[in-house]
Amino acid sequence: RNNAQKFEFQAEVSRLMDILINSLYSNKDIFLRELISNASDALDKIRFLSLTDKEILGEGDTAKLEIQIKLDKEKKILSIRDRGIGMTKEDLIKNLGTIAKSGTSAFLEKMQSSGDLNLIGQFGVGFYSVYLVADYVEVISKHNDDKQHVWESKADGAFAISEDTWNEPLGRGTEIRLHLRDEAGEYLEEHKLKELVKKYSEFINFPIYLWASKEVDVEVPADEDDESSESSSEEENKDDDAEKSEDDEEKPKTKTVKETTYEWELLNDVKAIWLRNPKEVSEEEYTKFYHTLAKDFGDEKPLAWSHFNAEGDVEFKAVLFVPPKAPHDLYESYYNSNKSNLKLYVRRVFISDEFDELLPKYLSFLKGLVDSDTLPLNVSREMLQQHSSLRTIKKKLIRKALDMIRRIADEDPDESTDKDKKEEVSSDNDEKRGQYAKFWNEFGKSIKLGIIEDATNRNRLAKLLRVETSKSEGKLTSLDQYISRMKSGQKDIFYITGTNKEQLEKSPFLERLRKKNYEVIYFTDPVDEYLMQYLMDYEDKKFQNVSKEGLKIGKDAKAKELKESFKDLTKWWKSALSSENVDDVKISNRLDNTPCVVVTSKFGWSANMERIMQAQTL
Ligand code: ADP
Ligand code: MG
């Protein structure tokens, strides 16, 4: 086109498009849900802006917040249109040419090795999935602040943008036209599109329409010489011989024929799932809703969910999910972002999914949604962020989230201390078996970070903690289970920190404890050192690092006697080592074979902590 301006794609985009267009990946269906999800995002954005500026929606059809799908079988074009916020020329260049999110290279690698595209939406590159089915794509878009433009690309490393002077004006919004490849002909079938919308986009909160064909009966003037007309009228009347003979002479004036017409057919039910009674929502529906919400279309179910209705001063409905897997960048972004994964709605209107005030950082791995009737609808995001109700909402959400996580453990037969229950086999509890270990594997670190950061809920979080110990034989155990096994007279919970289990098992610090059959918790994650600076006690039991000063193992009758008789020796050692090197030299109660050991003072850094700090400054 004459007035088209040409651009090159960012290198990563080009690589991604190459992979997609050459992909033999069998599940090409995903492109549709990505486009619908983008349309829905765009509609959410304009609806949000319209809260404070009614004019923005425009008039007539332009104001209709809906998604339309249309097919052109002859030209092999599938188009998806929305009346969302639209894109300016600048937006088109930026959004459909570069990748905003990090982690694209990692995704590309993963996609090439596993061939799994199901997570594409999570990487902020869902749009490009159109090249799984199309070899030429046009994006026509109209934003309130700009003229209508067309973006187009044949996935050959470049795209072009032109001011649109030839298409029908969109009013506002975006139309994506896919020129389908020959082998993607199935996406021109109405039943296929209906099936896909049902499968993947059921929980989109805007109506999705398909320009669908419909067979209708129409009356047309009858034609005397038309054979078929006669035979059909004969068919209709064959049980009615008497009448027929009477009417024989009279010729019918009209006849009925089938004709194909088109009309907009609504494909989804827009009643929000969170407004429904939890008792009436099936497991499958929750799973599907989770897929849409989290843009996680793997075949795994969420590990748990909680759907509740909070009443009182602050009213809201919420659905929370524990995903089956941690996102690739959970802890990467933990320290430099505050983003929670909850969507905030106010009276059914989507407000934001970047509200840090809803959940603390350590719970940012949860997905879900909050819809409040108490929050005001017509204020800016900034004002809303400061609303006092948010604190109440947050408090309740944390409670519910921790309850939900505890339920994974409660329902997991592997977690049970009751041996019968553990071995009981029924398909019911088998599905729940091993789920907590799975949770812990994916999100255990978040629970530890929670213990560090959330003093109010520390005890509740400590209940969720799982550890390995000198007696757990490689399995995970809870603090409650540890306590239930404590020896009589044992006052403290013993633990040791180090870089790995093998090293800890050989530690001389454990000699005596092991001989006397005490259980010791092994902490081998660097975060554990920090954790234990905050977790001082649990259920009235103190934590004692066995490599630190102050270890008391039951009563030792000979201790005093020994101390007295080795007094001169310990004194001599202390002066020989000088006070620069040691604080004190004492008779040890923790050794069996090893002659001596270096112990950390009560408030000093353990040797392991020294190692961690050193590694960090290097
Ligand atoms: P994501 O949706 O995760 O941001 P996509 O690759 O699906 O990633 O889309 C890239 C960007 O293109 C979106 O963030 C949005 O800004 C823009 N975009 C895509 N489709 C539309 C649309 N229908 N209306 C408005 N903007 C869109
Ligand atoms: Mg998207």
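These legends go with a few views of a predicted model.

Because the model is predicted, local features need pLDDT of at least 70 and side-chain atom pairs count only at pLDDT 80 or more, while totals for chains, interfaces and linings use all residues. Residues are numbered from 1 along each chain as its sequence is written, and chains are lettered from A, with ligands numbered from 1, in the order in which they are written.

**View 1. The protein chain holds 21 helices and 20 strands.** Here helices (H or I, at least four residues) and strands (E, at least two) are DSSP runs, numbered from the N terminus. The C-alpha trace spans about 135 × 65 × 50 Å along its principal axes.

**View 2. Helix α10 (residues 389-410) meets helix α13 (residues 435-453).** Their axes, lines fitted to C-alpha atoms over the stretch in contact, come within 7 Å and cross at roughly 135°, with angles running from 0 to 180 degrees between N-to-C directions. Look for Ile 405, Ile 408 and Ala 409 in α10, which meet Gln 435, Tyr 436 and Phe 439 in α13; a contact puts C-beta atoms, placed from the backbone, within 7 Å.

**View 3. Leu 51 sits in helix α2 (residues 30-52).** With 16 C-beta neighbours inside 10 Å, Leu 51 counts as partly exposed (buried means 20 or more other C-beta atoms within 10 Å, exposed 12 or fewer, partly exposed in between, with C-beta atoms placed from the backbone). Leaving out residues up to four places away in sequence, Leu 51 touches Val 349, Leu 377 and Asn 378. Val 139 lies 88 residues from Leu 51 in sequence and 27 Å away in space, C-alpha to C-alpha.

Notes:
Contact = placed C-beta atoms within 7 Å.
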